[in-house]
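Here are my notes on the model, point by point. Please read them with the structure open.

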Amino acid sequence: LNLITNLDFLRAKALLALEYGGNQCRLLNEPELHLREAVHPYLYIKNKHNHKTTVPFELKLDKTNRILLISGPNAGGKSILMKSVGLIQLLAQSGFLVPVHPGSEIGTFNQIFAAIGDRQSIEEDLSTYSSHLKTMKYFVDHVDSRTLILIDEFGTGTDPDIGGVLAESMLAYFTHKHVWGVVTTHYSLLKLFAHNNKGIFNGSMLFD
């Protein structure tokens, strides 16, 4: 029974990988990422069934540039790229083939933290921004140099001047702790910070 269960699980992983075009890439012991021709697995499956093309991306995070700060217009693909990185990393560390070029390199992270979507709660008396602050406090308390963070719309939910400054201070802390990650934003303050500091770099999306 255990043998059949394991074989069935492996078959399910293989069938899923065939759906999103999964490949075996080079796995590294250190935290680092070089994704080539990468796609969001679910988006690829959805587009394939609708006979649409999924545009791949290339992303490289190394010791010089550990955090990518993505800006650009709404519906430009910022969140999809960020979520793709997280899903591909989780798939790779769970033993799945991944939707990237076989020449890609994927490192290993001990922790993956994500702040995506609105987590406001009446039961816990949390507004959009207070819930965001609670999440960020957890990040600040637990991140290290083997942590991958994924933060969508960093610092939003309050006055832009206040939210921007708080987000900048946390971004400075993350770079100081040598954290890795992908962060999306519309704040010019954060783009300027990424331009003037080491360990973090700007990227932008265009709406076609």
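1. A salt bridge here is a side-chain nitrogen of Lys or Arg within 4 Å of a carboxyl oxygen of Asp or Glu. Keep in mind that this is a predicted model. The structure holds three salt bridges. One of them joins R26 and E105. Their closest N and O atoms are 2.7 Å apart.

2. Where do R26 and E105 sit in the chain? R26 belongs to strand β1 (residues 26–27). E105 belongs to strand β5 (residues 105–106). As background, side chains of opposite charge can pair when their charged atoms come close.

3. Next, the helix packing. Helix α1 covers residues 2–20, and helix α2 covers residues 41–49. Their axes come within 8 Å. They cross at roughly 65°. Angles of 65 to 115 degrees count as roughly perpendicular, and α1 and α2 are therefore roughly perpendicular to each other.

4. Which residues make this contact? From α1 come L16, L18, E19 and Y20. From α2 come P41, Y44, I45, K48 and H49. By class, the contact of α1 with α2 has six nonpolar residues, one polar and two charged.

5. Helix α1 also deserves a look at its surface. L3, L7 and L10 make a nonpolar surface patch of about 330 Å². L10 lies in helix α1.

6. E37 is not a glycine, although its phi is positive, at about 50°. E37 is found in strand β2 (residues 33–38). H178 also has a positive phi, near 60°, and is a residue other than glycine. H178 is placed in the loop between α5 (160–176) and β8 (180–184).

Terms used:
Residues numbered from 1 in each chain as written. Predicted model: local features only at pLDDT ≥ 70, side-chain atom pairs only at ≥ 80, totals over all residues. Heavy atoms only, no water. Axes fitted to C-alpha atoms, helices over the stretch in contact; angles between N-to-C directions. Helix = DSSP H or I, 4+ residues; strand = E, 2+ residues; numbered from the N terminus. Parallel < 35°, antiparallel > 145°, perpendicular 65-115°, else oblique. Contact = heavy atoms within 4.5 Å. Nonpolar A, V, L, I, M, F, W, Y, C, P; charged D, E, K, R; others polar. Patch = residues over 30% accessible without salt bridge, like charges linked within 9 Å, V, L, I, M, F, W, Y side chains within 5 Å. Areas by Shrake-Rupley, 256 points an atom, 1.4 Å probe, with all protein chains shown as cover.
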